[in-house]
Amino acid sequence: MSSMKERIYFASPVWLQNVLVSAYGYHLYRKRYRGMFHDILALLKQSRDWSREEVEAWQAERLHGMVRHCRQTVPFYQKLFSEYGLDEQDFTSIQDVRKLPILKKNLLRENTAAFRSTAEKAYVLQHTSGSTGTPLALEVDKYTYKLAMALLVDHEEAHGVPFGAPRATFAGRMVQPANQLSPPFARFNRAENQMLFSSYHLNSNTFHWYAKELERFSPWELIGYPSAISDLASYYLSTGTTCRFQPTAVITNSETLLDWQKDKIEHVFRCPVYDYYGTAEYVLFAGQEAQGSYRLNPVIGITEILNDLDQPSSEGKLVATTLTNRAMPLLRYEIGDSATAVSESMSQSVAHELHRINGRLDDYIEMPDGRRIGRLDHIFKGVSGLVEAQIVQDHKQHCTINAVFSDSPTDAQLHLLSKNFSSRTASQIDLDIHQVNQIPRGPNGKFRNVVRIFNSEDQK
């Protein structure tokens with residue numbers, strides 16, 4: 001929302017804010033769901049039944065076409081293919097993608113204009129700051145943008161939530177100023193039958209308003225950041241409040257879904273959680289299925305998992321190649337997150353299914369001997385009364401856990417937390433535990449599980 005529009009919105013009465021939210025919602029609805037959207041959604045549903053051979057044949061054909069498009073119309077790749085002596089005839093299988101170098105974020109930021117196709121017009125301009133906060137503007141064509149919308153709809157419908165069913169969203173939207181502490185703390189987007197709840201105003205004093213409004217609205221789906229929905233679930237538990245509506249599913253996104261968050265959410269709302277993982281660069285979409293693994297959608301792109309030596313691995317960094325975005329194609333783009341593949345789904349270097357999303361590559365703590373320990377949510381398993389927690393490492397031999405508890409923690413709770421941490425770090429890192437009232441969010445209200453605030457080189 002631009003600053004002028006923001007000022008007008010915040011200066012308006014609540015009834016008019018609802019009108020403005022719905023008006024903007026109708027604008028987005030037309031942009032997202034009209035025209036070719038329905039054909040794309042039909043293709044996604046068909047792709048769920050494709051065999052491995054059909055997936056790879058379809059992707060190989062699209063890769064061949066995308067390389068030809070890049071060679072003909074994208075300055076960066078015209079130069080790259082010339083230097084490597086490559087053209088589209090060198091790309092006849094999905095494994096051939098490995099003939100290309102990996103594209104790093106910094107190279108993309110420094111040469112953005114060179115990645116724009118001279119033959120395609122952008123449908124939307126996607127702004128993303130990424131983990132560094134450095135702005136990056138990505139051009140996306142109409143097909144890819146509508147594909148991204150259809151991917152979410154397909155994910156929801158596959159788990160019992162029909163398109164247009166009432167849904168409650170808990171994300172980073174500031175529906176009213178943070179210092180305005182009187183309800184309502186939600187606005188209604190009539191275009192998508194969507195109630196937009198503020199994650200910034202939820203606390204012990206306002207929770208009962210949220211519970212009452214959710215009961216009134218009775219959404220089929222809760223969707224949003226896992227930290228925000230887990231926080232909501234914690235208030236149901238700490239106040240002894242029974243959830244009096246029955247969602248079909250909870251859909252989480254944008255942050256790493258931790259096991260203890262998932263368990264809490266499913267317990268409170270009595271329905272399954274189905275996470276999904278997408279990227280602002282529109283190169284990958286992975287939706288969690290009933291058995292818990294993440295199905296990589298074959299239509300949007302080819303996904304690789306590589307180790308630190310850039311070799312194929314069942315666990316490591318995610319690298320993806322677009323098969324659709326002709327406006328600004330990204331080939332072998334290093335996303336900045338890591339994942340673990342379902343081993344049986346690996347086809348040489350290409351993955352078809354993920355066991356889990358491990359999160360950002362820098363969501364780890366560094367041991368004194370240089371090892372990196374990631375996926376740290378097991379530290380919090382079994383610690384009752386824990387609302388949320390963040391690990392802050394300020395030295396190779398010291399971490400602080402900032403923890404929010406529903407009540408004052410007992411010695412037993414703190415001992416278990418400390419014991420779990422020592423077990424994961426082999427007692428090589430000292431630990432302080434600080435009880436705090438809340439943990440600050442980053443841009444767009446997102447939550448960081450691990451923060452490192454030291455330079456490894458300085459401590460060698």
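Two strands count as paired if DSSP finds at least two bridges between them. That applies to the first view below. All views show a predicted model.

**View 1. Strand 13 and its antiparallel partners, strand 12 and strand 15.** Strand 13 spans residues 333-341. Five bridges connect strand 12 with strand 13, in the antiparallel sense. Here V319 faces E334 of strand 13. Strand 15 covers residues 353-360 and is also joined to strand 13 by five bridges, again antiparallel. In this pairing, A341 is opposite L354 of strand 15. Strand 13 is mostly covered, with eight of its nine residues buried.

**View 2. L354 and the largest nonpolar core.** This core has 72 residues. Y77, L108, L284 and L354 have the most contacts inside it. Which residues does L354 touch, beyond those up to four places away in sequence? They are A286, S293, Y294, L296, I305, L318, A339, T340, A341 and V342. Another core, of 31 residues, lies apart from the largest one. Y225, A233, L257 and V268 are among its members. In soluble globular proteins, nonpolar side chains tend to be buried together.

**View 3. Helix 4 and the elements packed against it.** Helix 4 runs over residues 52-73, 22 residues in total. From first C-alpha to last, helix 4 reaches 31 Å, close to the 32 Å expected at 1.5 Å a residue. Its buried residues include V55, W58, L63, M66 and V67. E56, Q59, H69 and T73 are also among the buried residues of helix 4. What do the buried residues of helix 4 pack against? Two helices take part: helix 3 (37-47) and helix 5 (75-84). So do two strands: strand 11 (301-306) and strand 12 (315-322).

**View 4. Aromatic pairs, with F185 and W209 as one example.** The structure contains 27 aromatic pairs. Ring centres of F185 and W209 are 5.4 Å apart. Their planes meet at 85 degrees, so this pair is edge-to-face. F185 sits in the loop between strand 3 (167-170) and strand 4 (186-189), while W209 belongs to helix 8 (residues 207-217), so the pair ties together parts that are 24 residues apart in sequence. Is F185 buried or exposed? F185 counts as buried because its relative accessibility is 1%. W209 has a relative accessible area of 22% and is therefore partly exposed.

**View 5. Stacked rings of Y276 and F285.** The ring centres of Y276 and F285 are 5.3 Å apart. The planes lie at 20 degrees, so the rings are stacked. Both Y276 and F285 are buried.

**View 6. An aromatic cluster, and a lysine over a ring.** F76, Y77, F81, F91 and F115 form a cluster through ring pairs. At another ring, K31 lies over the face of Y123. K31 is 4.3 Å from the centre of that ring.

**View 7. R173 and its contacts.** R173 lies in the loop between strand 3 and strand 4. F185 is in the loop between these strands too. With a relative accessible area of 42%, R173 is partly exposed. Which residues contact R173, leaving aside its neighbours within four places in sequence? The contacts are L196, S198 and Y200. R173 and Y200 are 27 residues apart along the chain, and 8.5 Å separates their C-alpha atoms.

Key
Residues are numbered from 1 along each chain as its sequence is written. This is a predicted model: local features need pLDDT of at least 70, side-chain atom pairs count only at pLDDT 80 or more; totals for chains, interfaces and linings use all residues. Side-chain values use heavy atoms; hydrogens and water are left out. Rings of Phe, Tyr and Trp (its six-membered ring) pair if their centres lie within 6.5 Å; planes under 30 degrees apart count as stacked, over 60 as edge-to-face and the rest as tilted. Helices (H or I, at least four residues) and strands (E, at least two) are DSSP runs, numbered from the N terminus. Buried means under 20% relative accessible area, exposed over 50%, partly exposed in between (1.4 Å probe, protein chains only). A charge sits over a ring if NZ of Lys or CZ of Arg is within 6 Å of the ring centre and within 35 degrees of the ring normal. The expected span of a helix is 1.5 Å times one less than its number of residues. Contact means heavy atoms within 4.5 Å. A nonpolar core is a set of buried Ala, Val, Leu, Ile, Met, Phe, Trp, Tyr and Cys residues joined through side-chain atoms within 4.5 Å.
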